[in-house]
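Biologist: Before I rely on the labels attached to a model, I would like to go through them one at a time and hear the criterion behind each.

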Amino acid sequence: YLNPALFIKLKMYKDDGTYGYPFDEKRSISAYAGEYYNPFGSGATMHYGTDFPAPEGTPVYAIRGGTVIDVDVPYCATDGNSNTARHVTIESDDGMKVMYWHFYTPTHLKLGEQVSKGQVVGYVGSTGLSTGNHLHLELRDGNNELVKYCDLVDCDNPPIEEHEDEW
């Protein structure tokens, strides 16, 4: 006997090689990958990701399945400041690395863990060098070259899917 609810979950999290959306609703974009004005006073500089402002604690979903290859819980000084954002990097079978930055809390994921497209990978925050709560989404190909998320996904009409926060 196949439980229909389980089938729906399996279907929802199937990684078909396409790119999903990191949220369960459309979000504005405050910065695109490319040259931009650095808000920390150094003039024009390169920005390596797409920034999505969102309220603190908003769930962030994996846009592709893969293996966790980097998890960083930053060192925080006694005054609570840190120069390293909480983040996780997930590498897909084709070598694409997706980095999710500025989590509010440390991710629950562990090195080597398998992640499915649509799975919660963390929660929006403002750790590290940040001007406010947002997700910095950065993609690198197998040669470590920057890949712009909005070149892969129509950011004006993103592929929003229904998600379940817990299993």
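The conversation below takes the labels in turn and sets each value against its criterion.

Biologist: What should I know about the numbering and the origin of the values before we start?

Modeller: This is a predicted model, in which local features need pLDDT of at least 70 and side-chain atom pairs count only at pLDDT 80 or more, whereas totals for chains, interfaces and linings use all residues. Residues are numbered from 1 along each chain as its sequence is written, and side-chain values use heavy atoms, with hydrogens and water left out.

Biologist: How many helices and strands does the chain have, and what makes a run of residues count as one?

Modeller: The secondary structure comes to two helices and eleven strands, where a helix is a DSSP run of H or I with at least four residues and a strand a run of E with at least two, numbered from the N terminus. Along the sequence the pattern reads α-β-β-β-β-β-β-β-β-β-β-β-α.

Biologist: Why is Tyr21 with Phe52 called an edge-to-face pair?

Modeller: Rings of Phe, Tyr and Trp (its six-membered ring) pair if their centres lie within 6.5 Å, and planes under 30 degrees apart count as stacked, over 60 as edge-to-face and the rest as tilted.

Biologist: What class does the pair of Phe23 and Phe52 belong to, and how do you know?

Modeller: That pair is edge-to-face as well, with 5.7 Å centre to centre and 65 degrees between the planes, an angle to be set against the limit of over 60. Because Phe23 lies in the loop between α1 and β1 while Phe52 is in strand β3, the pair ties together parts that are 29 residues apart in sequence. The structure holds four aromatic pairs, and ring pairs link Tyr21, Phe23, Phe52 and Tyr149 into a cluster.

Biologist: How do you know whether Tyr21, Phe23 and Phe52 are buried or exposed?

Modeller: Buried means under 20% relative accessible area, exposed over 50%, and partly exposed in between (1.4 Å probe, protein chains only). Tyr21 has 3% and therefore counts as buried, Phe23 is buried at 0%, and Phe52 is likewise buried at 0%. Over the chain, buried residues make up 44% of the 167 residues.

Biologist: What makes you say that Arg27 lies over the face of Phe23?

Modeller: A charge sits over a ring if NZ of Lys or CZ of Arg is within 6 Å of the ring centre and within 35 degrees of the ring normal. Arg27 is at 5.5 Å from the ring centre of Phe23, and the charged end of Arg64 sits over the ring of Tyr19, 4.7 Å from its centre.

Biologist: Why is the link between Cys150 and Cys155 called a disulfide, and what is its handedness?

Modeller: A disulfide is a pair of cysteine sulfur atoms within 2.5 Å, and the S to S distance between Cys150 and Cys155 is 2.0 Å. The torsion about the S-S bond of Cys150 and Cys155 is about -95 degrees, so the disulfide is left-handed. Cys150, at 24% relative accessibility, counts as partly exposed, whereas Cys155 is buried with 10%.

Biologist: Why is strand β10 described as largely enclosed?

Modeller: Seven of the seven residues of β10 (residues 134-140) are buried, so the rest of the structure largely encloses this strand. His134, His136, Glu138 and Arg140 point one way from β10, while Leu135, Leu137 and Leu139 point the other way.

Biologist: How do you know which strands pair with β10?

Modeller: Two strands pair if DSSP finds at least two bridges between them. Four bridges join β3 to β10 in the antiparallel sense, with Thr50 opposite Leu137; β7 (residues 97-101) and β10 pair antiparallel over five bridges, with Tyr100 as a bridge partner of Leu137. β10 and β11 (residues 146-147) are antiparallel over two bridges, with Arg140 and Leu146 as bridge partners.
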